There are 2 protein chains.
Amino acid sequence: MLLSPARRPAAHRPRARIAAAKGRRKSTAPGISTGHRVTIIENNVRQRAEEPAPITRRTLHDEIVTRVRDMIIEGRLAPGTRIHEGQLGQALGVSRTPLREALKFLASEGLIDLVPSRGAVVRRFTEKDVRDMLEVLAALEALAGRLACIHATDEEIAELRALHEAMIAQYAARNRLEYFKLNQRIHSAFALMSRNAVLVATHDNIQARLKRIRFLGNETPEKWQSSIAEHEEMVAALERRDADALADVLARHMHNAWERIRSVI
Amino acid sequence: MLLSPARRPAAHRPRARIAAAKGRRKSTAPGISTGHRVTIIENNVRQRAEEPAPITRRTLHDEIVTRVRDMIIEGRLAPGTRIHEGQLGQALGVSRTPLREALKFLASEGLIDLVPSRGAVVRRFTEKDVRDMLEVLAALEALAGRLACIHATDEEIAELRALHEAMIAQYAARNRLEYFKLNQRIHSAFALMSRNAVLVATHDNIQARLKRIRFLGNETPEKWQSSIAEHEEMVAALERRDADALADVLARHMHNAWERIRSVI
DNA sequence: TTCAAGAATGCTGCATACAGAATTTCGCAT
DNA sequence: ATGCGAAATTCTGTATGCAGCATTCTTGAA
């Protein structure tokens, strides 16, 4: 019903199941990767702020978390949708146990609500919720900007500039999806350059919740224009390492973001 | 081993199990409640920012989340401890399934790490982790303070003042635990008065991670003294509804908090 | 005595089974 | 037709079983 035709749960062959799920993922979920690779910024943070083991062996519930999260963000699971453990499990080709574990995780992230003995519901954000999130995000990005002015390397700043130029190119081409991805990436880059892992995690969490709404809000290229001007200011401020100016424009950018997306709530 | 003498898992009687767990909770875990009740502040927020249904029917995994979270915060599960699903499950009198679900939730909250096929480990915070958390918390509280100046009712402010006075009384009595609880409660109150549910949730999450460390940091009453002076400033600023002053003192308070606790990391 | 390879044990990851709550359906009376 | 109530169905919540990975223990050789 949701992903692929329901399949018989071939009894108890766990490893094969994982492989199947992984294989299918590539074909159905396009992922968030963009052609333009940010290596310096991301690597610097991984190296300095996170754990040293990059050997990511994914478990099933882990895989399911990203799958379902993507489904919600991409709108394939609409807000208000009741998540049916049996059906979704069948659609994903997994049993209910890891799926339920994944749902608990997503509930903690705030993407779904867990109603006792009635299951999980994709969370619907009210207008106030969105404003609240943007308000917090503004404060977090302002902090990130200040820290980035202190900690970012010249290399990273150059790469951010490159990302910005790439985004402008996508704007010129009216390529909405790629424009949006680069836009989000730039915001994440500020968080990463702060060298504060907690800030990165918190920022990512809230940004993820807003992702779909912000994407929908960027409907017309006219709306992108003002956003781009602010981005230009942001990059310039970082290049000057002017923390106050950067924090100011980031906060302003978030405020304007609300104006841009309020119509789609 | 951990909570109560291991008991036979009397086969499959779920509801009785819940009742047993609830009953036992009261007797073993003292909870975080303080004699002094904050009603106005908390009710106002519940009423305006959260869901309208206060009929909390707790499921088992939900109960386990709070139990295990408390165990970590109270230090009965020390950082670095490997969480043994079988043992902990027996100690809590529940099967592994809801326990595992609870662990996924706590992992998302950042209190434990999940290592594939090796289970859960109570997260150990480095010095940098703590500084990062305080840095973010400072930004969040500064925002909360600004918003509180706008949204708080006079009633709420009066109640905050009462909380503050109560905290001073506990200080005078050298009652460390009660002092600490009121202290945390005051910080939460600022978040609540912001009328921003996302801010409240984010703040609570980070505050919970820091709780144990901050408690340990408050070892000597001398350390409390400076903290109290800042609190006095905070309350006064809110009474004047002076957002800039409040944001400033909150940020300063967080900075000093680091000085107070850095020795116990 | 030390080290290494293999056996044994223990634990996690996932699937499935079962009980009870929620919801729907259906019969019946109004 | 419509509203009500009970049976039936569906789904969630929890327990348990099984397979494979990790770790520890054991044993044999250098």
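Me: How do the residues lining the second largest pocket divide into nonpolar, polar and charged?

Reply: This is a predicted model. The lining holds 17 nonpolar, four polar and 10 charged residues. Among those nearest the pocket centre are A:Ala138 and B:Leu143, with A:Glu135 and B:Arg146. Ala and Leu count as nonpolar, Glu and Arg as charged.

Me: Which helices supply at least two residues each of that lining?

Reply: Helices H6 (127-151) and H11 (243-261) of chain A do, and so do H6 (127-151) and H11 (243-261) of chain B. H6(A) gives the largest share, 10 residues. The lining has 31 residues, and the pocket volume is about 850 Å³.

Me: Why is B:Arg161 called buried?

Reply: Its relative accessibility is 18%. Buried means under 20%. The value falls under the cut-off, so B:Arg161 counts as buried. The residue is found in helix H7 (residues 154-172) of chain B.

Me: What makes the pair B:Arg161 and B:Glu239 a polar contact?

Reply: Their side chains are joined at 2.8 Å.

Me: How much of chain A is buried?

Reply: Buried residues make up 49% of its 265 residues. Chain A has 11 helices and three strands. Its accessible surface comes to about 12400 Å², with 53% belonging to carbon and sulfur atoms.

Terms used: Residues are numbered from 1 along each chain as its sequence is written. Chains are lettered from A and ligands numbered from 1 in the order in which they are written. This is a predicted model: local features need pLDDT of at least 70, side-chain atom pairs count only at pLDDT 80 or more; totals for chains, interfaces and linings use all residues. Side-chain values use heavy atoms; hydrogens and water are left out. Helices (H or I, at least four residues) and strands (E, at least two) are DSSP runs, numbered from the N terminus. Buried means under 20% relative accessible area, exposed over 50%, partly exposed in between (1.4 Å probe, protein chains only). A polar contact is a pair of N or O atoms within 3.5 Å; within protein, one must be able to donate a hydrogen and the other to accept it, and residues adjacent in sequence count only if both atoms are side-chain atoms. Accessible areas come from the Shrake-Rupley method with a 1.4 Å probe; for residues, only the protein chains shown count as cover. On a 1 Å grid over the protein atoms alone, a cavity is a set of points where a 1.4 Å probe fits but cannot get out, and a pocket is an open set with protein on both sides within 12 Å along at least five of seven lines; lining residues have an atom within 4 Å of a point. Grid points are joined across faces, edges and corners, and a volume is the space filled by probe spheres set on the points.
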